[in-house]
Every structure is written in C-alpha cells, then in structure tokens.
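Morning, everyone. I have one structure to go through, and I will keep it short. Please have a look at it first.

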Amino acid sequence: MKKFKMILCLALAVLLVNPIFAVSAADNNYNEQAIDDLFEGMNDTDKVLEMPEGGFLFGKAEIYDAEDESIKLGEYNSSTDRRSITVKDAKEQLIEENQNPSKVQARATSVPSQTMVLAPGQVYISNRFSGSGWRVGGYRFKSGGNGIWLKWSTFIDDGRVGDSGDVDKQLRNPAAQFGLALYKGYPQYICGGMTVAEHETIYFTYNPINGTYYRVENN
C-alpha cells in the first residue's frame, strides 16, 4: 500500500509539474520569436551599438539635450564604433536577459531628458520593459533629414506613443489615456507635434508584460 501511495504521489507530481514546464518553454519560444522580429531586416553579422540610456542602435544617430537642442550630447554610428556588437550577439544578450528576470530594470516613470535624432534608414530597439503603472522609454525620438514620420512597433504588449506633453499628462492622470495607441503586430507611422512643434515622440506603456520591447525606425 505504501508503495502504491508513493507511485500515486509521483504520478500526480509529474502531472502538476509538466504543464508548468510546457508553459515556460512556450513563453521562452514566444520571447525568442519577438526578439528575432525586433531585428527584422538585419543580418546576424550586422553591427548594433548599445546606447547609454539602454537599447540598441542600428546605424547613425545624434543625441541632444531635450530642453536645449543646441546642446549635442553625442554622435553614434554602429558601423564604426568599436563598442558595437553583432546582431547575433545582441539577440543572445536579450534572450539571456529573458531567462534571468533579476537582470531587468524597471523602465522610467518620467519624461525622458534626451532626444535621439535618427538618421534616415536607421533603427533603435529598446531594452526590455518591466514594472507596474505607467512606464516610459529612455529617449524622445525625432526624424533626421527632411521627414517628420517615424515607424513605431511594439512587441509582447501594447503601448502608446505621444509627445512630451502627452507623457507628462499621462503620468499626472494615470486613469486617462493620452497619445496614440500602438498595438503589437500593427506597426504605425507617427509624427510628433501634438502639443509641441519639434515632432518628438516617446513610447510609454501601462503595466507592461515582462519582456515588452519597442522598435522605432526612420524609413
């Protein structure tokens, strides 16, 4: 009888544990697919540069003080910077972060103080989002060249895109909704200028699912 009870307990343990492992594996595969999608259009041998406020740059960008754009904080080029890594290595880094949640930092809860100006044809990929309440990306974004439109995508969870006024109002009024909705699987071309003339846009999201990312490109 004791032997029968032990076998029954083991059988129940297997039934309880296996579904958990199955869900975990599916989640990992889902996140890995999203990470592949983040780098769509890039070869594994292409170079990306990890940025000071997080995320990866593919190509060229300039960073300015958001309150005074006469102050240039830096110029970046993933093709020539010695700190750049391959797209393959960047994917592996993000996958490792997904497997180690303790490495993930919650995103900001304030309007970003730096503006990234993306040159035509260039791409920025965010760090992973986590945290509760409204969370905000690390940069404002502006199109370089003659255009004012940027292509925005969100992965794993939905988000919103707006200018600094939208983000400020959102943080002050958490129950309301400001800016434009951005749904996973449905990229959108968005320009700024809803409340400011500089055509800057910012990503923000509410209670993001761990592993949420966004991508913005000037194309």
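Is Glu67 buried or exposed? At 66% relative accessibility, Glu67 is exposed. Keep in mind that this is a predicted model.

Glu67 has a salt-bridge partner, Arg140, with N and O 3.1 Å apart. Arg140 is in strand 9, residues 140-143, while Glu67 is in the loop between strand 3 (60-65) and strand 4 (68-77), so the pair ties together parts 73 residues apart in sequence. Arg140 itself is buried, at 7% relative accessible area.

The whole structure has 10 salt bridges. Another one joins Asp44 to Lys91, with the closest N and O atoms at 3.2 Å. Asp44 sits in the loop between helix 1 (2-38) and strand 1 (47-50), and Lys91 in helix 2 (residues 87-99), so this pair links parts 47 residues apart in sequence. Lys91 is buried at 14%, whereas Asp44 is partly exposed at 39%.

Helix 3, residues 164-172, holds both Arg172 and Asp168, 4 residues apart, or about one turn of the helix. Their side chains form a salt bridge at 2.9 Å, N to O.

Now the fold. The chain has 3 helices and 15 strands. Seven strands make an open sheet with antiparallel pairing, in the order 5-1-2-7-15-10-13. Strand 5 (85-86) and strand 13 (188-191) are at the edges with a single partner strand each, so one side of each has no neighbour in the sheet. Inside the sheet order, strand 7 (residues 123-125) pairs with strand 15 (residues 213-217) over 3 bridges, and Val123 stands opposite Glu217.

Finally, 43% of the 219 residues count as buried.

Technical notes
Residues numbered from 1 in each chain as written. Predicted model: local features only at pLDDT ≥ 70, side-chain atom pairs only at ≥ 80, totals over all residues. Heavy atoms only, no water. Pairing = 2+ DSSP bridges. Helix = DSSP H or I, 4+ residues; strand = E, 2+ residues; numbered from the N terminus. Buried < 20%, exposed > 50% of the residue type's maximum accessible area, 1.4 Å probe, protein only. Salt bridge = Lys/Arg side-chain N within 4 Å of Asp/Glu carboxyl O.
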